[in-house]
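The sequence and model come first, followed by the notes.

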Amino acid sequence: MYYRFFATCADLTGYSIKDTEAEDSYSMLPLITGTNENVIREYTVHHSIDGRFAIRQGDWKLVFCPGSGGWSDPRPRDIKKNNLVLPPMQLFNLKDDIGETKSVIDDYPEKVVALKAALKKIILDGRSTAGENQQNEGMEGWTQIEEIVN
């Protein structure tokens, strides 16, 4: 979790972050000091306990799994155990549905395409910040990213 604060600490101390360090860290100092109230991070990538991904942009969240992908219902083991048939992806408008209770994936296909493309780029670039692309190690056989990067 250190990477969440790395850029902020670097900003505080004047440390210049190398391209190979903290590839996903953004400085929150402008928000803390009130010098910038603009959005700092365009996308937020989530990773569930089950290894499933989701990506957020503003009010939109695209989830790359049926069910919750982790702790809440329907959990991956419950889906399998009860032979539930659920869509492989879900799209939520968090402004209208903060509880993520109704997927609107069929209503906004262009948002699905855009968010999927953004997550693919982040994965293949090895980072979500500006800078030189980084090598992602261990991607072979990682079934949770196959549907995203292919």
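**Cysteines, a helix and ring pairs**

The count of disulfides is zero, a disulfide being a pair of cysteine sulfur atoms within 2.5 Å. The model is predicted: local features need pLDDT of at least 70 and side-chain atom pairs count only at pLDDT 80 or more, while totals for chains, interfaces and linings use all residues. Residues are numbered from 1 along each chain as its sequence is written, and side-chain values use heavy atoms, with hydrogens and water left out.

**Cysteines**
- Cysteine 65 is buried at 2% relative accessible area (buried is under 20%, exposed over 50%, partly exposed in between; 1.4 Å probe, protein chains only).
- Cysteine 9 is partly exposed, at 42%.

**Helix α4**
- Helices (H or I, at least four residues) and strands (E, at least two) are DSSP runs numbered from the N terminus.
- Buried residues of α4 include Val112, Leu115, Leu119 and Ile122.
- The buried residues of α4 pack against β1 (44-47), β2 (53-57), β3 (60-63), β4 (90-93) and α5 (143-149), where contact means heavy atoms within 4.5 Å.
- Glycine 126 follows α4 and has a positive phi, near 75°.

**Aromatic pairs**
- The whole structure holds two aromatic pairs (Phe, Tyr or six-membered Trp rings with centres within 6.5 Å; planes under 30 degrees apart are stacked, over 60 edge-to-face, the rest tilted).
- Phenylalanine 6 and tyrosine 15 form an edge-to-face pair, because their ring centres lie 6.3 Å apart and their planes meet at 75°.
- Phenylalanine 6 is partly exposed at 23% relative accessible area, and tyrosine 15 is partly exposed at 36%.
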